[in-house]
Amino acid sequence: MNESEKRDKWLKIRISEQEKEVIDRKFENSGMKNLSDFIRAMIFVGVIVKFSDDDRKQLLRDFSAMSNNINQIARRANAKGKVYPEDIAQIREGQQKLWQLLNCFLSQLQNARRSATLQTGARPITAD
């Protein structure tokens, strides 16, 4: 850090014990060595992405439906000793539907990260 970037201002916030535990856990998992650098990185580089409740609910419904279908197919396969081509097609169809939703989420995350990087021009600040 050069003289023009001297950090001589303090930012004080109040947080609950639970919030402090979450911050500490995330800091430990980050692998960063300095809490101040971690918090600066989260403020300047971190991205908050809001997914629509409808999309999240749809994803959970699709996961649940696919799980139920696989369980039914497994029970039938155990009872009859055979898996039918229609069963495999049904699993593939469910898998494809899940991949599409997951790719939609991934695309939103990538766009948000790209947008945040372009707006701030920032990169994570590390003590290393």
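Biologist: What makes Asn34 a cap of the N-terminal end of helix 2?

Modeller: First, note that this is a predicted model. A side-chain oxygen of Asn34 lies 2.8 Å from the backbone nitrogen of Ser36. A polar contact requires a pair of N or O atoms within 3.5 Å, so the pair of Asn34 and Ser36 at 2.8 Å qualifies.

Biologist: Which residues of helix 2 are buried?

Modeller: In helix 2, which spans residues 35–44, they are Asp37, Phe38, Arg40 and Ala41.

Biologist: How do you know that they are on the same side of helix 2?

Modeller: Around the axis they cover an arc of only 165 degrees, which puts them on the same side. Helix 1 (17–30) is included in what covers these buried residues.

Biologist: Why is Phe44 called partly exposed?

Modeller: Phe44, found in helix 2, has 46% relative accessibility. Buried means under 20% and exposed means over 50%, so a value of 46% falls in between and Phe44 counts as partly exposed.

Biologist: Which nonpolar residues form a patch on the surface with Phe44?

Modeller: Leu11, Ile13, Ile15, Leu35, Ile39 and Ile43 form the patch together with Phe44, with about 680 Å² of accessible area in total.

Biologist: Why is Asp87 called buried?

Modeller: Asp87 is in helix 4 (residues 85–120). Its relative accessibility is 5%; the cut-off for buried is under 20%, so Asp87 counts as buried.

Biologist: What does Asp87 touch?

Modeller: Leaving out residues up to four places away in sequence, Asp87 touches Ile73 and Arg76.

Terms used:
Residues numbered from 1 in each chain as written. Predicted model: local features only at pLDDT ≥ 70, side-chain atom pairs only at ≥ 80, totals over all residues. Heavy atoms only, no water. Buried < 20%, exposed > 50% of the residue type's maximum accessible area, 1.4 Å probe, protein only. Helix = DSSP H or I, 4+ residues; strand = E, 2+ residues; numbered from the N terminus. Arc of directions from axis to C-beta. Contact = heavy atoms within 4.5 Å. Polar contact = N/O pair within 3.5 Å; in protein donor to acceptor, adjacent residues only side chain to side chain. Patch = residues over 30% accessible without salt bridge, like charges linked within 9 Å, V, L, I, M, F, W, Y side chains within 5 Å. Areas by Shrake-Rupley, 256 points an atom, 1.4 Å probe, with all protein chains shown as cover. Salt bridge = Lys/Arg side-chain N within 4 Å of Asp/Glu carboxyl O.
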